[in-house]
Structure formats: structure tokens, C-alpha cells
Amino acid sequence: MRMIFVNLPVADLARAKAFYGGLGFGFNEQFSDENAASVVISEQIVVMLLTRDRFADFVPGGAVGDPAQATTVLNALSVDSREEADDMLARALASGGKPWQPAQDHGFMYGTSFTDPDGHVWETMWMDPSAVQ
């Protein structure tokens, strides 16, 4: 089984934890401390929220980009329905996130997008399973 670990620098770890908790995700406390929080998106997807100083420890030269100033990555997450995409957007906005792009509706594919409080972009995407075949 392959897994993906997305490491994100955050300015305020408590604020970031409140945001991702507000999306309904849990935390793995075994891999969390005062400088990091392990957010469990699914069994195969984990987001590591790292204070900017801790994130810099992993970067040669220690230079850390600022997603509030320029888009650094687009994180796309599949959802099971249009309603789940809309619900995740609503929870993101209620938890301190901001809208990013207008919803995209192509009939067989639908998505929403938002940024977390630090400016990291998240997109949700639903695709009609019959369109995949």
C-alpha cells in the first residue's frame, strides 16, 4: 500500500489544527507535538502541519515559500458526491478558510476550491463513476 504525506508550513499551528479539524479530519497524536500536527485525511493520506521553523529544518538553506503571497501547490482531494464537495467548501469557510476559484461544473465532473488560513490551496473533485469508464 502506498501512502502520501503532504507537508505544509503553517504560521500558527493551533489555527491550522482548528481549520483541519473543522473539515472533519482527525489527528494522529503519536506524530504530533508543539511543532507539528499529523492530520489524517484517510488511511493513505496524511497532512503534516509544520511550524514554519520546523518546516525549514527539512529545506536546504531553510528558505520557506509563503503560500499567502504566491500559489505554491494545488492539492486536489476526491469526494464521493457534489454535495460532499459543497459541504467541504462550507466547512472550510466556516473554519477560517477562504474561497479560491468558483465551482467548476462540467456535468460529469464537479469541484470546489478553497485555501486554508495560510493560503494553501485545496480543491475537491467529484466525477460521475460512469464517466470514468
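The model is predicted, with local features needing pLDDT of at least 70, side-chain atom pairs counting only at pLDDT 80 or more, and totals for chains, interfaces and linings using all residues. Residues are numbered from 1 along each chain as its sequence is written, and side-chain values use heavy atoms, leaving out hydrogens and water.

Me: Why is the span of helix H3 said to agree with what it should be?
Reply: Helices are DSSP runs of H or I with at least four residues, numbered from the N terminus. The expected span is 1.5 Å times one less than the number of residues. H3 (residues 82–94) has 13 residues and should span 18 Å; its end C-alpha atoms are 18 Å apart, so the two agree.

Me: Which residues of H3 are called buried?
Reply: Buried means under 20% relative accessible area, exposed over 50%, partly exposed in between (1.4 Å probe, protein chains only). Ala85, Met88, Leu89 and Ala92 of H3 are buried. They cover an arc of only 100 degrees (taken from the directions from the helix axis to the C-beta atoms), so they sit on the same side of H3. Glu83 and Ala94, on the other side, are exposed.

Me: What do the buried residues of H3 pack against?
Reply: Counting contact as heavy atoms within 4.5 Å, the partners are helix H1 (13–22) and strands E5 (74–78), E8 (109–115) and E9 (121–127). Strands here are DSSP runs of E, at least two residues.

Me: What comes just after H3?
Reply: Gly96, with a positive phi of about 105 degrees.
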